[in-house]
Amino acid sequence: MSILNVKQGLEAVPGKLAARSFLPFARKPAGIHPQTVLCPFGGFNSKRNFVKNEMKKCAPTVAVIGGGPAGLMAAEMLIQGGVNVVLYDAMPSVGRKFLLAGKGGLNITHSEPREPFLSRYGARRAQIEPLLDAFGPDALREWVHALGVETFVGSSGRVFPREMKAAPLLRAWLHRLRGAGVAIHVRHHWQGWDQAGRLRLAGPEGEIAVAADAVVLALGGGSWARLGSDGAWVPLLEAQGIGVAPLRPANCGFDVGWSEHFSTRFAGQPLKSVALDFVDSTGKRVQRRGEFVVTASGVEGSLIYALSSGMRDEIAANGVATKHLDLMPDKSLERVTEALSRPRGADSMANHLRRKLGLEGVKVGLLRELVAKADFADPVLLAAAIKALPLRLVAPRPLDEAISSAGGVVFEALDVGLMLKTLPGIFCAGEMLDWEAPTGGYLLTACFASGRAAGLGALAWLENQAATPAG
Ligand SMILES: Cc1cc2nc3c(=O)[nH]c(=O)nc-3n(C[C@H](O)[C@H](O)[C@H](O)COP(=O)(O)OP(=O)(O)OC[C@H]3O[C@@H](n4cnc5c(N)ncnc54)[C@H](O)[C@@H]3O)c2cc1C
């Protein structure tokens, strides 16, 4: 293993780095916080930069691990705060999940008022609220605009960049970060700490040990592992005694267990203008409209994702979650019953449904799949099924397929600056924290806000360390 001087990008002589420590806070041992101060970037580009770079030599170095929205935002706060920032990411490029999020239209935040917005964070509202008070949806939009990317509010209240994509925003942001001096090293997978408290990183040249004055971990959750956030950090933090709630799928699809016939015929087909009837976490009965898609084994899509946390927890508790699906939310039960009770002559029930109610395709397929044969032939029972079709969800789809993760580093392990209480100098941000939210821009908003809080938290901690006389 070699020790890398992160500023010079060169291999340094083991033992030399500690001798170059000169900052007051570097003298304070604290848990496994890396103590060694490294020298800043070598290679001055111009005379003008010389003084700046010389001054930077005196500044602490913060390592940010993870180049998603949270890590990049932490890096931005840190570089603006005048410290040296070196960011590592396991993948060949940063922001891969962010780019994927932009594929179907990057929903960066939501325009709804504060109260409903905050309620989206459910049980973690109290922890997320201060982060959003400091950097909420409006501040996020202004920040996006400052990168030269306009935003607009869609008909649902969701906020998107004008071009819908993440790529222009990420490009402009990385340009700004690099210009400000953030050093980005890709293909470096963080593996934990060595005996000396340095970061162990597996890079293209083998394993290296990196010392830094503070560290921000922004390693993401556990979904879509091929984009970098593989959850491999969980045992590393658990080994340090950090509480980590198990990573679970959030905004995920579910298995129903369709018949072969239904699955073959209807997988991939959308169910539009339907509603799900459910009891929310406060015990209130809610009817939520939207659409979802039939998959080979079950269901997925926006309406399902919106209710997925409750359904996932219900399955964990009871082995099954049954929701009632209204296939015709615009028509009352009386109207549907009346229409189906009209004489149908020689018409099959399928034709009757089409002629009298306009029901056909996957909706009728679903009725055939889930309604007993005798009930399908009875207008009253069939009408009841159309208005409240029991949909039995038996398992959430695996974490890797989910849009996001629930679980992560518990907030009890963190102070208000998102520093791990038992590992001073180590901060956490983004989806790796124990919160969840539905889709709609709430995920990215909290990732940006927590990345900002962790970056500012690290700055405040470093300042405090520098101001505290060494013991
Ligand atoms: C298909 C899809 C669509 C989405 N659409 C939206 C949307 O429209 N709106 C929205 O709000 N949210 C959306 N999300 C969710 C959003 O993208 C994530 O919540 C967000 O990217 C999380 O940010 P993060 O910085 O915490 O983690 P990530 O973006 O996951 O970044 C973590 C980074 O850490 C790196 N890393 C992980 N482990 C290590 C390690 N050991 N060593 C070094 N590097 C490591 C990874 O390579 C990665 O680059 C979507 C997600 C998906 C999958």
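Author: On one side of helix H7, the residues Asp138, Glu142, His145 and Ala146 are exposed. The model is predicted, so local features are described at pLDDT of at least 70 and side-chain atom pairs count at pLDDT 80 or more, whereas totals for chains, interfaces and linings use all residues. Residues are numbered from 1 along each chain as its sequence is written. Helices (H or I, at least four residues) and strands (E, at least two) are DSSP runs, numbered from the N terminus.

H7 covers residues 137–146, and Pro137, Leu140, Arg141 and Val144 are buried in it. Seen down the axis of H7, these buried residues fall within an arc of 100 degrees, so they line one face of the helix. The arc is that of the directions from the helix axis to the C-beta atoms. Just after H7, Gly148 takes a positive phi of about 85 degrees.

What do the buried residues of H7 pack against? Their partners are the strands S5 (109–110), S6 (151–153) and S7 (158–161), together with the helices H5 (114–119), H8 (167–180) and H18 (442–467). Two residues are in contact if their C-beta atoms, placed from the backbone, lie within 7 Å.

Two strands pair if DSSP finds at least two bridges between them, and S5 and S7 are joined by two bridges in the antiparallel sense. Thr109 has Val159 in S7 as its bridge partner.

H4 gives the largest share, five residues. Of the 40 residues around the ligand, Gly66, Gly68, Gly220, Gly228 and Gly430 come nearest; a residue is near a molecule if its C-beta atom, placed from the backbone, lies within 6 Å of it.

Finally, the chain as a whole provides the setting for H7. The protein chain has 18 helices and 22 strands, and 47% of its 471 residues count as buried. Among contacts between residues at least 6 apart in sequence, 70% join residues at least 24 apart. The mean pLDDT, the predictor's confidence in each residue from 0 to 100, is 88 for the protein chain, and 87% of its residues reach 70 or more.

Definitions and conventions:
A residue is buried if 20 or more other C-beta atoms lie within 10 Å of its own, exposed if 12 or fewer, and partly exposed in between; C-beta atoms are placed from the backbone.
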